[in-house]
Number of protein chains: 2
Amino acid sequence: MKRPTIADIARRAGVSKGAVSYALNGQPGVSEATRQRIVAIAQEIGFNPNSAARALSGASARAVGLTLCRPARILSIEPFFMGLISGFEQELAARSYALTLQVVATPENETQVYRRWWGERRVDGVFVTDLRENDIRIPVLDELQLPAVVIGGPGDTGRVTQLWSDDAGAITEAVRYLMALGHRRIARVGGLPDLLHTRTRTRAFTEICASLGLSEAVTVPSDYTGEEGGRATRRLLINAERPTAIIYDNDVMAVAGLSVAQEMGLSVPGDLSIVAWDDSPLCSLVHPPLTALTRDIAAYGAHAARQLLAAIAGEPVQDVEEGTAHLTPRGSTAPPREP
Amino acid sequence: MKRPTIADIARRAGVSKGAVSYALNGQPGVSEATRQRIVAIAQEIGFNPNSAARALSGASARAVGLTLCRPARILSIEPFFMGLISGFEQELAARSYALTLQVVATPENETQVYRRWWGERRVDGVFVTDLRENDIRIPVLDELQLPAVVIGGPGDTGRVTQLWSDDAGAITEAVRYLMALGHRRIARVGGLPDLLHTRTRTRAFTEICASLGLSEAVTVPSDYTGEEGGRATRRLLINAERPTAIIYDNDVMAVAGLSVAQEMGLSVPGDLSIVAWDDSPLCSLVHPPLTALTRDIAAYGAHAARQLLAAIAGEPVQDVEEGTAHLTPRGSTAPPREP
DNA sequence: CACTTCCCCTGAAGCGGTTGACTTTGAAGC
DNA sequence: GCTTCAAAGTCAACCGCTTCAGGGGAAGTG
């Protein structure tokens with residue numbers, strides 16, 4: 001089956017290709033009557049503009065890219081990315097932009113993919129996640145002048161727009177809440193230490209705990225996997241002076257931590273309170289349901305997509321701090337049992 | 001910064017554009033010496049062929065598509081899709097095919113996306129998941145002659161290749177295992193009833209239970225969400241003659257079921273054994289870890305990608321049944337406690 | 001030596017849109 | 001009645017690559 005082209009439409013409408021192009025793109029240069037006739041014919045024969053031809057003649061590729069640099073076993077279970085992608089799609093689908101996905105092994109590979117996509121003119125812009133200190137991807141994006149939005153800062157991203165959520169505020173709320181419940185020994189199981197938002201959280205956690213007089217507040221680095229989160233929890237709980245509350249940098253580790261506590265015969269929340277960062281359905285799924293720092297990840301993604309589309313359109317875009325995640329108390333937090 | 005084109009390479013190499021094209025694509029028509037010179041120059045100036053131009057001149061788009069038709073809150077937590085995507089990428093990245101993703105609301109929308117993608121020549125083929133009975137997407141794919149691979153059958157897909165795993169064998173193994181442990185009242189919480197593989201599983205479950213003399217084997221339909229899985233579990237467990245073992249169609253519902261059992265004061269596996277279908281890290285994360293029907297989803301995805309690429313290349317492809325998922329016993333299954 | 005054959009390469013058409021230069025038409029303005 | 005001008009269209013170039021027809025020269029053949 002032959003795909004219809006604007007030439008087919010032009011023939012049937014008795015006009016030139018140019019007129020069809022103007023009509024379908026809402027450009028001036030054709031009368032309203034002609035435009036309607038052309039649009040009707042296009043509809044009738046099910047015309048869709050060939051994206052390659054469009055992209056070739058200078059217009060945009062109408063596609064944006066996302067590279068994911070996490071091992072498959074983390075990706076599959078980490079709800080964050082799919083939430084983000086759903087959010088992207090809300091905005092992209094509305095303007096019929098496509099989302100191109102690539103899973104890569106290292107940040108170096110990511111820069112290679114950016115270069116290739118740019119060279120191939122395959123995407124008009126990219127989403128960048130998991131920002132690191134002195135991230136090697138930033139200079140590449142700068143060099144290529146590839147529109148981009150960084151999700152998760154704030155950091156030094158030069159020309160590249162960024163979007164982040166107020167992690168410091170969120171962790172402060174969590175610590176204050178746990179303190180109000182009576183906790184004094186609060187620990188945190190952090191995400192990948194290289195990531196900038198992990199550092200932000202660690203710094204904020206240390207600061208707020210110091211300012212509140214919690215001297216023993218400790219962050220154990222981890223990697224977002226359940227296994228590591230579980231191990232880190234076990235290490236924390238075998239201490240004589242074990243924490244009475246643990247904040248986890250993602251929900252997967254929090255669930256793993258809950259499981260470890262139960263396995264060690266500790267009751268949650270009696271012996272240990274647990275707070276998860278990011279409130280996926282996972283948190284309400286386990287028993288007891290986990291108190292979590294809730295933020296609307298899909299909305300976050302949608303916002304990022306709007307920013308990226310604006311950047312692509314050449315509109316001025318500014319760095320944005322999204323709202324603070326708020327605490328959703330559930331069954332996993334309670335006052336610590338008297339010793 | 002200007003992107004290099006084959007014309008730039010041709011100029012520097014002192015040959016024609018055509019020669020460059022032949023050289024870079026491994027076509028005959030240039031001498032080995034010239035080819036190497038051209039390839040070296042291309043490397044040096046960081047050349048990547050413009051995908052639009054390539055696609056336009058008849059070659060393929062070097063992209064495949066995947067539509068996901070599940071609500072965001074399921075997608076984000078369901079590990080299956082990300083596992084599948086990781087598997088796709090293994091194959092696609094190796095041949096520098098891009099993966100284009102679109103989240104849609106209904107199967108009708110999926111057919112619209114197929115039509116658009118096809119019309120735009122944006123993809124060379126698509127992955128189709130969640131096959132239904134008399135799936136409306138199949139005739140559209142047929143009509144468009146759009147290469148496709150259906151993941152999850154077997155069903156009536158006409159010209160379209162399909163790939164499925166032996167669900168009947170897997171569920172038989174699970175039921176046999178539970179019987180061997182001494183269970184006689186086995187229930188199942190199923191996935192979306194519309195999906196073909198859910199029906200296959202339901203039929204197989206009913207048959208094997210009947211043939212083994214388990215008269216009360218019942219399947220409760222659900223929708224893969226934790227909430228529904230939990231509700232279904234609760235409904236099963238409030239019966240006087242409650243089941244002593246439940247098989248869940250995905251891991252998310254299994255985890256929710258575990259949580260409900262604990263909330264109701266039942267011990268797992270003492271009072272209730274639980275088997276999850278698909279063994280994501282989630283299953284090892286909870287306490288007790290869940291016995292699961294394990295299959296390598298990434299490998300499944302990789303296989304599907306190979307099939308699709310073959311179909312795109314015009315090679316003959318046949319329907320394939322992947323291996324049977326095997327049972328991975330963990331702490332959530334044990335002989336039922338004596339009544 | 002003339003002829004064919006083969007290899008290596010050139011030149012140009014064409015994929016399907018977009019876009020700027022240009023033409024035609026009709027109506028307003030003087 | 002003549003110029004002027006905007007609106008409505010036409011025309012052709014162009015984006016960067018692929019591919020086909022064909023040309024030139026070297027090698028092989030009788």
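These legends describe close-up views of a predicted model with protein chains A and B and DNA strands C and D.

Residues are numbered from 1 along each chain as its sequence is written, while chains are lettered from A and ligands numbered from 1 in the order in which they are written. In this predicted model, local features need pLDDT of at least 70 and side-chain atom pairs count only at pLDDT 80 or more, whereas totals for chains, interfaces and linings use all residues.

**View 1. Chain A has 14 helices and twelve strands.**
Helices (H or I, at least four residues) and strands (E, at least two) are DSSP runs, numbered from the N terminus. The C-alpha atoms of chain A fill a box of roughly 90 × 40 × 30 Å along the principal axes. Of the 339 residues in chain A, 51% are buried. Buried means that 20 or more other C-beta atoms lie within 10 Å of the residue's own; exposed means 12 or fewer, and partly exposed lies in between, with C-beta atoms placed from the backbone. Take the contacts in chain A between residues at least 6 apart in sequence: 69% of them join residues at least 24 apart. Two residues are in contact if their C-beta atoms, placed from the backbone, lie within 7 Å.

**View 2. A rotation of 180 degrees superposes chain B on chain A.**
The shift along the axis is 0.0 Å, and the RMSD is 0.1 Å. This is the relation of a two-fold axis. The superposition is by least squares on the C-alpha atoms of residues with pLDDT of at least 70 in both copies.

**View 3. Chain B touches chain A through 53 residues, which contact 53 residues of chain A.**
On chain B, the elements giving two or more residues to this side include α5 (72-77), α7 (107-120) and α12 (251-263). The most comes from α6(B), with seven residues. The side of chain B that touches chain A divides into 27 nonpolar, 17 polar and nine charged residues. Here Ala, Val, Leu, Ile, Met, Phe, Trp, Tyr, Cys and Pro count as nonpolar, Asp, Glu, Lys and Arg as charged, and the others, Gly among them, as polar. The copies meet through the same surface, because 98% of the interface residues of chain B are also interface residues in chain A.

**View 4. Strand β2 (residues 98-103) of chain A runs antiparallel to β2(B).**
Three bridges join the two strands. A:Thr100 has B:Thr100 as its bridge partner in β2(B). Strands pair if DSSP finds at least two bridges between them.

**View 5. DNA strand C is surrounded by 26 residues.**
The closest are A:Gly18, A:Ser21, A:Ser57, B:Ser16 and B:Gly18. A residue is near a molecule or strand if its C-beta atom, placed from the backbone, lies within 6 Å of it. At least two residues of this surface come from each of α2 and α4 (51-56) of chain A and α2 of chain B. α2(A) supplies the largest share, four residues. The surface near DNA strand C has ten nonpolar, 13 polar and three charged residues.

**View 6. DNA strand D has 27 residues around it.**
A:Ser16, A:Gly18, B:Thr5, B:Gly18 and B:Ser21 come nearest. Two or more residues each come from α2 (17-24) of chain A and from α1 (6-13), α2 (17-24) and α4 (51-56) of chain B. Here α2(B) gives the largest share, four residues. By class, the surface near DNA strand D holds eleven nonpolar, 13 polar and three charged residues.

**View 7. The largest nonpolar core has 188 residues.**
Such a core is a set of buried Ala, Val, Leu, Ile, Met, Phe, Trp, Tyr and Cys residues joined through C-beta atoms within 7 Å. A:Phe127, A:Val149, B:Phe127 and B:Val149 have the most contacts inside it. Not counting residues up to four places away in sequence, A:Val149 touches residues including A:Phe127, A:Leu163, A:Ala304 and A:Leu308.

**View 8. Strand β5 (residues 161-165) of chain A is largely enclosed by the rest of the structure, because five of its five residues are buried.**
A:Thr161, A:Leu163 and A:Ser165 point one way from β5(A), and A:Gln162 and A:Trp164 point the other way. β5(A) pairs in the parallel sense with β4 (residues 148-151) of chain A over three bridges. There A:Ile151 stands opposite A:Leu163. Three bridges also join β5(A) to β11 (residues 320-322) of chain A, again parallel. A:Ser165 has A:Glu322 as its partner in β11(A).

**View 9. Strand β4 (residues 148-151) of chain B has buried residues pointing both ways.**
B:Ala148 and B:Val150 point one way, and B:Val149 and B:Ile151 the other. Strand β3 (residues 125-129) of chain B pairs with β4(B) in the parallel sense over four bridges. B:Val126 stands opposite B:Ala148.
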